[in-house]
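Open your viewer and get your selection tool ready. We will go from stop to stop, and at each one you get something to select and a note on what is there.

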Amino acid sequence: MSEKLELLLNASLEATPEEREKSGILQTGFDSLNRTWEVIVKYHGSLLFLREISIGVEELLAGYAILTVPESKMGLLSEIEEIEYVEKPKRLYFQVFEGKQASCILPVTIRPPYLSGKDILLGIADSGIDYRHPDFRNTDGSTKIVAIWDQSLTPDAEKGWNAPEGFLTGVEFTADEIDKALAGEGSETAQVPVRDISGHGTAVAGIAAGREGVAPESGLVVVKLGTPAADSFPRTTELMRALTYLVKKALLLQKPIAINISFGNTYGSHDGTSLLERFLDNVSEVGRCVICVGSGNEANARGHISGNALSETKVELAVGDYERTFSVQIWKNYADIFRITLASPGGRSVAFSTDDLGPEQMRRISLEETDILLYIGEPTPYSAQQEIYLDFLPKERYVNRGIWSFTLAPVRVVTGNYSMYLPSQAAIGDDTGFYRATPDTTLTIPSTASRVITVGAYNTVDQAYADFSGRGYFFAADAGERLGITQSKPDLVAPGTGIRSARAGGGYEYVTGTSFATPFVTGAAALLMEWGIVMGNDPYLYGQKVKAYLQRGARELPGFEAFPNALVGYGALCVENSLPG
C-alpha cells in the first residue's frame, strides 16, 4: 500500500489474479504473458537508471513517463525519489457535410481569405485510417498523409518496419512509403498494412481534412492507437504516446498542429486532476498546437448521479441481465464522513464508513452471487476529493440482476456533496444504470482537461442540443461552485448528428456522436492558425488564443437564456464570426 500510487492501482495490486481477470478494469495495464505492469508516472530528474534493473522507460513530455515494470518490482516505485505519483492506464472508448454551412465555414473558404488549412498539420489519434480512400489523396493520386504511426504493429527490421524515434512499439510509415503502396510498387500489404477495422478514425479524418472536409489542405499525421487484446480498447498510455509523437512531429517539421481526440472514459473525479488530464494541459503548451477533445456521449446513458446527502439518501442502481462485471466510483469531499449501506437485489446488505482507513484498505464483500471489492481511498497530491471504489464481480458468470442500492447516512458532514459514476456505456449493458440519473457533469475524461477545447454536439436540422452530448459545468452552476471549478465546459458545440463522411473500405456513411462533432472544431482550429500564423495576420494564434476566438465567434442556439452553459458552452461553432475584423 502506498499513497504515491493512485487508488485504482493499489486496488489492482491487492486483487488476486482471478479477481483482476473478472474485473477487466483492474487488469488493464497488466501483461499476463510477460508478468509486467504498464504505468504512468509524474517524475522529476531522469528515470533512465531504471533500465539497469529491467524497468522499461519511455520519457514523454513535461515530466511524464510510461514505465513497463516487472510484477516483482512494482513495490520499488514508491521508494524511488524521482517518482512523484503513479497511475494505472484506463481503457478509452470511441464515441460514436452538411455541417460546414451550419458552422460558418464556407464563407471563409470559398471567398477571401480562402482558408483551406494549408501548411497546418492535423493530428488524428484514433482507430487508424483507410489511407487508400480518395478523400485522403491529392488530384495526382498521391497521399495527403504526412505520416502514420500504427501502434498495433510490431517493428520488423527485415521489412524495414521501425518504431518512431524515442518509442519502443508500433511502426511508422512515411508519405513516400504510402505513395509506393498506392502506386502498387511491391506488395501493399507488406509495405503499409495499416487498417481501420472500426472505421471510426477514417470518418473523423474525413470530416477534419478530407476532400470535402473542413481543412482539406492540412497535412494529416495519423496515429492508430494500439489495442492490446482482441475485443479490447486502447489505453490512456497509448494516447499519451500519441500526443507526444504528434507534437514532436510538428516541432520537427516546424509547423503548427491541431490535434483531434474523439474518445474518453468515465473513470475519475472529473475535475482535471488525473495525470492524463494534467498531461494534456502540459502538452498544449508545447509548440504551436491546439488540442480538441469530444465531450463524450454519456449524458443520457444513466451512468452518473450526484446530489447532496445532508440527510440519509438512497441511490438505486438497476443492473440488467447478463452483466459480467461493472464498477461504481463514489467521489466526495474528504471532510465529509458517511456510513454507506450497500444492499443487493435479494435484500442482503453490508455497511461501511468512508472513514474506515487502515492497513487493510481493500475489503472483500460477498452478497448473493456477487463478490465486491471495496476500496476506500484518500486525497492525492493532485486532488482533494476522496474516492470510494467498488468492483462488482460474479461468483460464477453474471452479477445479480435487479436493484442494488447505496444508502448514504451522514456521520460528519460539511458539504454533503457526492457524485457516482459507472463505466462508459460501451462497457456495460443498456439496462444497467442509475435511477434518477444526473445528466450534468457527464463529460468524459480527458475532455475535462482545462486547456483543451472541449466539443459537444448539436443537431443542425432543428438547431437543438443533442441529448447524448456530455454535459459539463459553468460559472454559475452550483455543481461548479461545489467543485471549485472556475471555467465552463464544454467550450462550444458543433454538428454531431447525421454527418456524412468517408467510410473505411470506400464510399461514404452517415455518423452521429460527439466523436464527429470534434473534427469540425479541429479543422476550424487549423483554419484559424492558417489565417494567423501562415498568412501572417497573427503569429501567436494557437493554444488558448484559438479557444478564445472560437468561443467569441460561437452562435447562440435557441432555447438557452445564458451563455456559456453546461450543455452547449458558448454556443455553436461559427468560423466566420471567429476571425478578427
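A term to keep at hand: a residue is buried when its relative accessible area is under 20%, exposed when over 50%, and partly exposed in between, using a 1.4 Å probe and protein chains only. What you have loaded is a predicted model, where local features need pLDDT of at least 70 and side-chain atom pairs count only at pLDDT 80 or more, while totals for chains, interfaces and linings use all residues. Residues are numbered from 1 along each chain as its sequence is written, and side-chain values use heavy atoms, with hydrogens and water left out.

**Stop 1: salt bridges**

Begin with Asp440 and Arg471, whose side chains meet in a salt bridge at 3.7 Å, N to O. (A salt bridge is a side-chain nitrogen of Lys or Arg within 4 Å of a carboxyl oxygen of Asp or Glu.) Arg471 sits in the loop between strand 26 (464–465) and helix 10 (478–483), and Asp440 in the loop between strand 24 (433–434) and strand 25 (453–459), so the pair ties together parts that are 31 residues apart in sequence. Helices (H or I, at least four residues) and strands (E, at least two) are DSSP runs, numbered from the N terminus. Asp440 is partly exposed, with a relative accessible area of 31%, whereas Arg471 is buried at 18%.

Next, select Arg20 and Glu71, another salt bridge, with the closest N and O atoms 3.8 Å apart. Since Glu71 belongs to the loop between strand 4 and strand 5 and Arg20 to helix 2 (residues 17–23), this pair ties together parts that are 51 residues apart in sequence. Arg20 is buried, at 4% relative accessible area, and Glu71 is partly exposed, at 30%.

Then pick Asp538 and Lys545, where the closest N and O atoms of the salt bridge are 2.8 Å apart. Here Asp538 is buried at 9% and Lys545 partly exposed at 31%. To see a network of salt bridges, select Glu38, Glu58, Arg235, Glu238 and Arg241 together. In total, the structure holds 16 salt bridges.

**Stop 2**

Select helix 9 (275–283). How many of its 9 residues are buried? The count is 7, so helix 9 is largely enclosed by the rest of the structure. The buried ones are Leu275, Leu276, Glu277, Phe279, Leu280, Asp281 and Val283. Among the elements that cover them are strand 2 (36–43), helix 8 (236–253) and strand 13 (289–294).

Now step to Ser274, in the loop between strand 12 (263–264) and helix 9. Ser274 is buried, at 17% relative accessibility. Its side chain makes a polar contact of 2.7 Å with that of Glu277. (A polar contact is a pair of N or O atoms within 3.5 Å; within protein, one must be able to donate a hydrogen and the other to accept it, and residues adjacent in sequence count only if both atoms are side-chain atoms.) Not counting residues up to four places away in sequence, Ser274 also touches Glu87 and Ile445, contact meaning heavy atoms within 4.5 Å.

**Stop 3: backbone geometry**

Ile445 leads on to Pro446: a cis peptide bond joins the two, with omega about 25°. Pro446 is in the loop between strand 24 and strand 25. Pro112 and Pro113 are also joined by a cis peptide bond, with omega about 10°.

For positive phi, select Gln254, which has a value of about 55° although it is not a glycine. Gln254 is in the loop between helix 8 and strand 11 and is exposed, at 65% relative accessibility. Tyr322 has a positive phi too, near 60°, and is exposed at 64%. For context, most residues other than glycine have a negative phi, and most peptide bonds are trans.

**Stop 4: Thr432**

Is Thr432 buried or exposed? At 2% relative accessibility, Thr432 counts as buried. Leaving aside neighbours within four places in sequence, its contacts include Ala301, Leu317, Glu323 and Leu422.
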